[in-house]
Structures are given as structure tokens and as C-alpha cells.
Amino acid sequence: CTGNGICKCRVCECFPNFTGSACDCSLDTTPCMASNGQICNGRGTCECGTCNCTDPKFQGPTCEMCQTCLGVCAEHKDCVQCRAFDKGEKKESCSQECMYFNMTRVENRDKLPQPGQPDPLSHCKEKDVDDCWFYFTYSVNSNGEANVHVVE
């Protein structure tokens, strides 16, 4: 019974919060909780502690990643700019507002992570305060950690 129940006459009697023939399905919805407080970001169902995203545009552990939605790049642009280049609108508040992602610098655009990796990935091209283009990728791994790769 995968440690979540007691076997009686070859049938698992599951402890509270577990179900399934082998008690291997958790009824705990905590892992499905999105940052906005909704189960699976309101775009999926929580099954055995894992989100099953019903809106095909959304993916990731809590259905919060959207590759085709506008906004992933724009939303993180100011924080990437201040962390990577020490400039932009959030320069003064960078250490308070922009420490929510891991940042890796790469030499050129060829060194940015490419699609096909397990984590949903957004490729971004944004203009900085000096009207110059800068390039970065934004992804969230299965642990919910945000990772940014930015071209120096």
C-alpha cells in the first residue's frame, strides 16, 4: 500500500488523504497550488497531487507557464535588466523586488538554453533604458524555481 495504508485480505485500506488501489494517490492539493492561490492556476485539475492542465496553452507543475501568452518577457524585463546590467526602472529596488530567480550569464545568444529541454522555456528580446536590445530566457523547473539566462 506504498506506506500510505494497511493491507487487509489483499486489499489496501488507505490512510486519510490517500486513495487508489495501492493508496498511491495523494488527495493533498498543496503541490497544485499556484502562486495566485488557485488550484492549478484555475487552468487544470489536481489529480493525485499533480496538475493536469486542461487549457492547452498552459503547462508546468501548476499550469502557470504559457509560452504563447504575451507577458512572460515583459513581466520580467525590468528585473533581468537591473540584475544583469544594474540599470532600468527597478535599479533602486532591485535587491528587494528582483531576487526571485536564479540568473546565469552567457557569452552570446547561441549559449542560451534551447527549446526541447524538460522545463517550459520563453525566449525574450527586450529593449533596455538605452534603447539597446538584450536577450534572455525565462524558465521554471519542476521545483518551481525560476531560472534566467541572459546574454552579457
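Colleague: Helices (H or I, at least four residues) and strands (E, at least two) are DSSP runs, numbered from the N terminus. On that basis, where does N17 lie?

Modeller: N17 is in the loop between β2 (11-14) and β3 (18-19). Before we go on, this is a predicted model, where local features need pLDDT of at least 70 and side-chain atom pairs count only at pLDDT 80 or more, while totals for chains, interfaces and linings use all residues. Residues are numbered from 1 along each chain as its sequence is written, and side-chain values use heavy atoms, leaving out hydrogens and water.

Colleague: Which loop holds D86?

Modeller: D86 is in the one between α1 and α2 (94-97). D86 isn't a glycine either, yet its phi is positive, about 55°.

Colleague: Switching topic: what volume does the largest pocket have?

Modeller: About 480 Å³. Of the 22 residues lining this pocket, S35, E64, M65, Y138 and V140 are the closest to its centre. A pocket here is an open set of 1 Å grid points where a 1.4 Å probe fits, with protein on both sides within 12 Å along at least five of seven lines; lining residues have an atom within 4 Å of a point. The volume is the space filled by probe spheres on those points, joined across faces, edges and corners.

Colleague: And which element gives the most to that lining?

Modeller: That's α1, with three residues. At least two lining residues each come from β7 (58-59), β8 (65-66), α1 (72-85) and β11 (133-140).

Colleague: Where is the largest pocket relative to the domains?

Modeller: The largest pocket lies between domain 1 (5-65) and domain 2 (67-151), because both give residues to its lining. Those bounds come from an automatic or database assignment.

Colleague: Back to α1, then. Which of its residues are buried?

Modeller: With buried meaning under 20% relative accessible area, the α1 list is V72, C73, H76, D78, C79, V80, Q81, C82 and A84.

Colleague: Last one: where's Q114?

Modeller: Look in the loop between β9 (101-106) and β10 (121-127). Q114 has a relative accessible area of 42%, so it is partly exposed. Its C-alpha atom is 31 Å from that of T30, which is 84 residues away along the chain.

Definitions and conventions
Buried means under 20% relative accessible area, exposed over 50%, partly exposed in between (1.4 Å probe, protein chains only).
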